[in-house]
Amino acid sequence: MVSIHSKWRYLFMFLGIQLVVMALLSREGYQKRVSYFIRIFRKPDIAGVSGRNHTPASFGGSDVYANLSHLSKAHSHGNEMPYCPKTSPLIGGPIHVSFPSGLTLAEVQRKNPLVVRGGRYRPPDCEAKHRTAIIIPHRHREHHLKFLLYYLHPFLQRQQLHYGIYVIHQAGNYTFNRAKLMNVGFREAMKEEDWDCLFFHDVDLIPEDDRNTYVCDSNPKHAAIAMDKFGYKLPYKMYFGGVSALTPLHYLKMNGFPNNYWGWGGEDDDIGVRVSLAGMFITRPTLKVGRYKMIKHKLDKGNGVNPKRFNMLAKTRSTWKLDGMNTADYETISRQYLPLYTNITVNIGTEAGLHPPPPTPQPPAKAAAKAAAKAAAKPAVKAPTEGLEKSPSKLKEVPSEKLSTLRDH
Ligand code: UD2
Ligand code: MN
């Protein structure tokens with residue numbers, strides 16, 4: 001008869017053997033599976049969801065670093081490397097995206113040993129068919145950038161691309177200007193390499209399926225078609241925000257992006273309109289593939305809603321040739337080739353130019369009178385978005401399907 005005591009002994013022996021097997025698997029490069037397995041023991045709520053498959057795939061996607069472990073520097077660039085196949089064998093489909101606390105850039109670096117200075121990569125075992133630059137407009141979003149790099153590097157490696165990541169950092173505290181930073185990114189990236197495709201990429205959007213290939217189409221491509229924040233649907237037909245892809249030719253044909261949208265909103269629609277004004281159309285991946293998760297955030301300080309956006313949008317037809325890549329003025333403050341990306345810090349100035357004159361000092365009496373007048377007018381102060389954009393007369397020239405600017409942040 002088996003006593004209760006010996007039952008426990010068997011149970012411990014069984015667990016011991018399991019641990020040894022897991023340790024062996026871990027040595028074979030299955031750390032992810034093992035740590036996931038360990039998590040199951042730690043968090044009973046997760047264990048409840050588990051089925052036969054104990055990888056993160058049970059949550060609707062696989063680990064973005066799977067499929068990459070066999071690549072090594074040893075292959076390095078010989079002369080007789082064959083071209084990479086049309087469809088990468090490393091592509092795995094849906095990716096599990098989560099935002100673990102405690103992730104560091106050092107960890108991202110450790111997980112991407114083949115990425116070289118400036119955030120560049122070439123497949124070690126074949127000649128890439130495509131050269132893609134990623135342009136990320138940025139200020140004060142280091143936390144988001146870290147997650148984007150964590151997911152984007154392996155995502156692009158699985159697609160066997162020759163790629164580089166550029167972060168275009170707006171210097172100073174003046175109102176943010178996403179589209180102008182893209183113009184800077186285009187020029188600075190093209191100075192360095194003959195990229196055949198540029199991906200203009202919000203810092204907070206994480207792709208959830210690596211069949212969403214970061215290569216260009218024959219027309220400008222809108223890649224972020226299905227985002228969690230819009231219920232994984234396209235919010236409206238002309239939407240072009242988030243992540244888009246253009247060849248240098250597309251970009252120049254539409255005179256790049258506008259430089260004069262300061263603050264949140266409108267610039268993405270202006271860019272969408274430029275595409276059609278330049279005689280092109282928007283292509284998109286399928287809803288199944290063009291999926292993104294947006295890291296939740298509030299409207300940034302220094303990126304208030306742009307109250308002029310409706311008026312400006314109504315005029316794109318007459319302004320697109322006069323304002324864009326041909327008038328993008330800026331000063332490069334620094335260029336750093338960091339391990340995971342190239343950081344370019346720029347002064348893009350203000351509406352008043354690159355070196356706006358400092359505000360003229362007012363005589364104390366005049367300043368006091370002005371402050372008193374302001375205080376008296378206080379109850380009449382409007383919300384920054386009131387007035388202009390809610391007025392139908394101001395909207396009449398904006399195509400009806402282009403109502404992004406009405407959407408809430
Ligand atoms: C939407 C669009 C975005 C853009 C914006 C309006 C989505 C997913 N994206 O984004 O493409 O059209 O509306 O301008 O719908 N940023 C900084 N620091 C700042 C402010 C902005 O780095 O202080 C960058 C960053 O890359 C960010 C992007 O600009 O992802 C867009 O700004 P947002 O994320 O605040 O705007 P959001 O999510 O409404
Ligand atoms: Mn965002």
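**Ligand shell, strands and confidence: a chat**

Student: How many other C-beta atoms lie within 10 Å of H140?
Tutor: There are 14, so H140 counts as partly exposed. A residue is buried with 20 or more other C-beta atoms within 10 Å of its own, exposed with 12 or fewer, and partly exposed in between; the C-beta atoms are placed from the backbone.

Student: What am I looking at here?
Tutor: This is a predicted model; local features need pLDDT of at least 70, side-chain atom pairs count only at pLDDT 80 or more, and totals for chains, interfaces and linings use all residues. Residues are numbered from 1 along each chain as its sequence is written, while chains are lettered from A and ligands numbered from 1 in the order in which they are written.

Student: Where does H140 lie?
Tutor: In the loop between β2 and α5. Helices (H or I, at least four residues) and strands (E, at least two) are DSSP runs, numbered from the N terminus.

Student: What is the phi of H140?
Tutor: Positive, about 55°, although H140 is not a glycine. Most residues other than glycine have a negative phi. N67 also has a positive phi, near 80°. N67 sits in the loop between α3 and α4 (105–111). With 18 C-beta neighbours inside 10 Å, N67 is partly exposed.

Student: New topic. How many residues surround ligand 1?
Tutor: 24 do, and the closest are D202, V203, G241, D268 and D300. A residue is near the ligand if its C-beta atom, placed from the backbone, lies within 6 Å of it.

Student: Which elements give two or more residues to that shell around ligand 1?
Tutor: β2 (131–138) and α8 (267–277). β2 gives the most, with three residues.

Student: And what is the shell around ligand 1 like by class?
Tutor: Eight residues are nonpolar, eight polar and eight charged. Asp, Glu, Lys and Arg count as charged; Ala, Val, Leu, Ile, Met, Phe, Trp, Tyr, Cys and Pro as nonpolar; the others, Gly among them, as polar.

Student: Why is α8 largely enclosed by the rest of the structure?
Tutor: Because nine of its eleven residues are buried. Among them are D268, I271 and V275. What covers the buried residues of α8 includes α6 (178–192), α9 (309–314) and α10 (316–319). After α8 comes G279, with a positive phi near 80°.

Student: Now the strands. How do β10 and β11 pair?
Tutor: β10 (residues 331–337) and β11 (residues 342–347) pair in the antiparallel sense over six bridges. Two strands pair if DSSP finds at least two bridges between them. A hairpin of four residues joins β10 to β11. R335 has I344 of β11 as its bridge partner.

Student: What is the order of the open sheet of three strands?
Tutor: β5-β9-β7, with mixed pairing. β5 (205–207) and β7 (226–227) stand at the edges with a single partner strand each, so one side of each has no neighbour in the sheet. β7 and β9 (residues 291–294) run parallel and are joined by two bridges.

Student: What is M294 in contact with?
Tutor: Leaving aside neighbours within four places in sequence, M294 is in contact with D204, L205, M227, D228 and K229. Contact means that the C-beta atoms, placed from the backbone, lie within 7 Å. M294 lies in β9. M294 and D204 are 90 residues apart along the chain, yet their C-alpha atoms are separated by 5.4 Å.

Student: How many residues has the largest nonpolar core?
Tutor: It has 66, and Y166 is one of those with the most contacts inside it. Such a core is a set of buried Ala, Val, Leu, Ile, Met, Phe, Trp, Tyr and Cys residues joined through C-beta atoms within 7 Å. Helix α5 (residues 142–158) gives the most to this core, with nine residues.

Student: Last one. What is the mean pLDDT of the protein chain?
Tutor: 83, and 76% of the residues reach 70 or more. pLDDT is the predictor's confidence in each residue, from 0 to 100. Among the elements, β2 has the highest mean (99) and α3 (residues 44–47) the lowest (29).

Student: Where does pLDDT stay under 50?
Tutor: Over residues 27–59, and over residues 377–409. Where pLDDT is low, the predicted coordinates should not be read in detail.

Key
Contact = placed C-beta atoms within 7 Å.
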